[in-house]
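User: I have a model open and want to go through its fold and a few contacts. Can we start with the strands?

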Amino acid sequence: MKERRSLKPGTGIATILLIFVVLAMTILAVLSYLHASQNHQSVARQIEYAQAYSEAEAQASYLQDQVKKGHFEQVETNEEGYTYSIEIVKGQNLFVQLDKQGNALIWKTIDETEGS
């Protein structure tokens, strides 16, 4: 009589499946780490910009108070009032225009790279 041989899954198939699962989990872990690292860098840049903007705004408010007190050393004078610009970060300034009484007419951020 003829013997029938049936194929039985051996330990080799289980090992190969285990290797693929570990490889897939490693790839997902690396991708997750890279995504978290990019998020951290983005948040750090946002915090640095917010701090730089706050410092520029504080300096602009100080100059506005100085103009109201009659001290005009650090501002430009024109027929409409007073203007000054404070650097926030490289290529971006806080532009302020005040009337003759020291009230803000224009208080905006200007990106110098847009005009180029």
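User: Which residue does Glu87 stand opposite in strand 3?
Analyst: Glu87 stands opposite Asn93. Strands here are DSSP runs of E with at least two residues, helices are runs of H or I with at least four, and both are numbered from the N terminus. This is a predicted model, where local features need pLDDT of at least 70 and side-chain atom pairs count only at pLDDT 80 or more, while totals for chains, interfaces and linings use all residues. Residues are numbered from 1 along each chain as its sequence is written, and side-chain values use heavy atoms, with hydrogens and water left out.

User: How many bridges pair strand 2 and strand 3?
Analyst: Seven, in the antiparallel sense. Two strands count as paired if DSSP finds at least two bridges between them. Strand 2 and strand 3 also form a hairpin with two residues between them, and Gly91 in that turn has a positive phi of about 90°.

User: And strand 1 with strand 2, how many bridges?
Analyst: Two bridges, again antiparallel. Glu76 has Thr83 in strand 2 as its bridge partner. This hairpin has four residues between its strands, with Gly81 in the turn at a positive phi of about 160°.

User: What's the pattern along the sequence?
Analyst: α-β-β-β-β, from one helix and four strands.

User: Take Ala60 in helix 1. Buried or exposed?
Analyst: Ala60 is buried, at a relative accessible area of 0%. Buried means under 20%, exposed over 50%, and partly exposed in between, using a 1.4 Å probe and protein chains only. Of the protein's 116 residues, 20% count as buried.

User: What does Ala60 touch?
Analyst: Tyr84, Ile86, Leu94, Val96 and Trp107, not counting residues up to four places away in sequence. Contact means heavy atoms within 4.5 Å. The C-alpha atoms of Ala60 and Ile86 are separated by 7.1 Å, with the two residues 26 apart along the chain.

User: New topic: aromatics. Why is the pair Phe72 and Tyr82 stacked?
Analyst: The ring centres are 4.8 Å apart and the planes are at 10°, so the pair counts as stacked. Rings of Phe, Tyr and Trp (its six-membered ring) pair if their centres lie within 6.5 Å; planes under 30 degrees apart are stacked, over 60 edge-to-face, and the rest tilted. Phe72 sits in the loop between helix 1 (11–68) and strand 1 (76–77), and Tyr82 in strand 2 (residues 82–89).

User: How exposed is Phe72?
Analyst: Phe72 is partly exposed, with a relative accessible area of 34%, whereas Tyr82 is buried at 8%.

User: Last one: which side chain makes a polar contact with Gln97?
Analyst: The side chain of Glu80, at 2.6 Å. A polar contact is a pair of N or O atoms within 3.5 Å; within protein, one must be able to donate a hydrogen and the other to accept it, and residues adjacent in sequence count only if both atoms are side-chain atoms. Gln97 is in strand 3 (residues 92–98) and is buried, with a relative accessible area of 9%.
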